[in-house]
Amino acid sequence: MNSIIIRPALLRCFMRTHRIISEHRTHKPLCSDRSSYATEDNKSPKIYTKTGDKGFSSTFTGERRPKEDHIFEALGNTDELSSAIGLAREFCLDKGHIFTDQLDKIQCILQDVGSNIATPQSSARESHRKRTKFSPQTITDLETWIDLFTEELPPLTNFILPSGGKSSAALHLARTICRRAERSVAPIVRSGEADPDVAKFLNRLSDYLFTAARYAAMKETREEKIYRRPE
């Protein structure tokens, strides 16, 4: 079994994702009863590892960095973004919106974003880079979806406030978190430690979430609140 998968120091949220992605790509069950972590007496491991108790965590390359490091800040923002999209997706499912499969895919891609961020290029081996390479096709997909939404939407002639029903408002909230994630990733990309397409994806994702929010409001026939200067 690949030693990268079983290293205890890497049992963080995004590091666990490498096991899931790897199993998916090799056609193994996505939820394989955690047997890959089982000990000799077949006991399941504890969810906590205590490796971060002193304020340090590990990157995918094995570096130990303080938890306030810009990489972990970006990972946290990306994780929060995925959670916000997950909540928005639940509202959209309740309303029967047909684009929830897009939100599913975006959440999966955000795991890949996290994997790339968690692999600083200055310490990455070729095997690390190969496993966490980010595909620019994801950006093209977002642009295609944005264009399809825009074809149905009325022209945007005013500033709008986050509104338009629960689905729309939740997507707007995800959009603002996406902007924060993008800001935290930007310096990592500029320093050459992450793939530039990761920043481009987050930039385009905020546009997608804005457009999807407007689309959800339109489909639910909910009014979008227009900005008006207070009198």
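A residue counts as buried when its relative accessible area is under 20%, as exposed when over 50%, and as partly exposed in between (1.4 Å probe, protein chains only). Tyr 208 has a relative accessible area of 0%, so Tyr 208 is buried.

The model is predicted: local features need pLDDT of at least 70, side-chain atom pairs count only at pLDDT 80 or more, and totals for chains, interfaces and linings use all residues. Residues are numbered from 1 along each chain as its sequence is written, and side-chain values use heavy atoms, leaving out hydrogens and water.

The predictor's confidence in each residue is its pLDDT, from 0 to 100. The protein's average is 82, and 79% of the residues score at least 70. Helices are DSSP runs (H or I, at least four residues), numbered from the N terminus. Confidence is highest in helix α8 (residues 196-219), with a mean of 98, and lowest in helix α1 (residues 3-6), with a mean of 35.

Now to the aromatic rings. Rings of Phe, Tyr and Trp (its six-membered ring) pair if their centres lie within 6.5 Å; planes under 30 degrees apart are stacked, over 60 edge-to-face, and the rest tilted. There are 6 aromatic pairs by this rule. In one of them, Phe 99 and Tyr 215 have ring centres 6.0 Å apart and planes at 70°, so this pair is edge-to-face. Phe 99 sits in the loop between α3 and α4 (100-117) and Tyr 215 in helix α8, 116 residues apart. Phe 99 is buried because its relative accessibility is 2%.

Phe 149 and Tyr 208 have ring centres 5.8 Å apart and planes at 40°, so they are tilted. Phe 99, Trp 145, Phe 149, Tyr 208 and Tyr 215 form one aromatic cluster.

Conventions: Helices (H or I, at least four residues) and strands (E, at least two) are DSSP runs, numbered from the N terminus.
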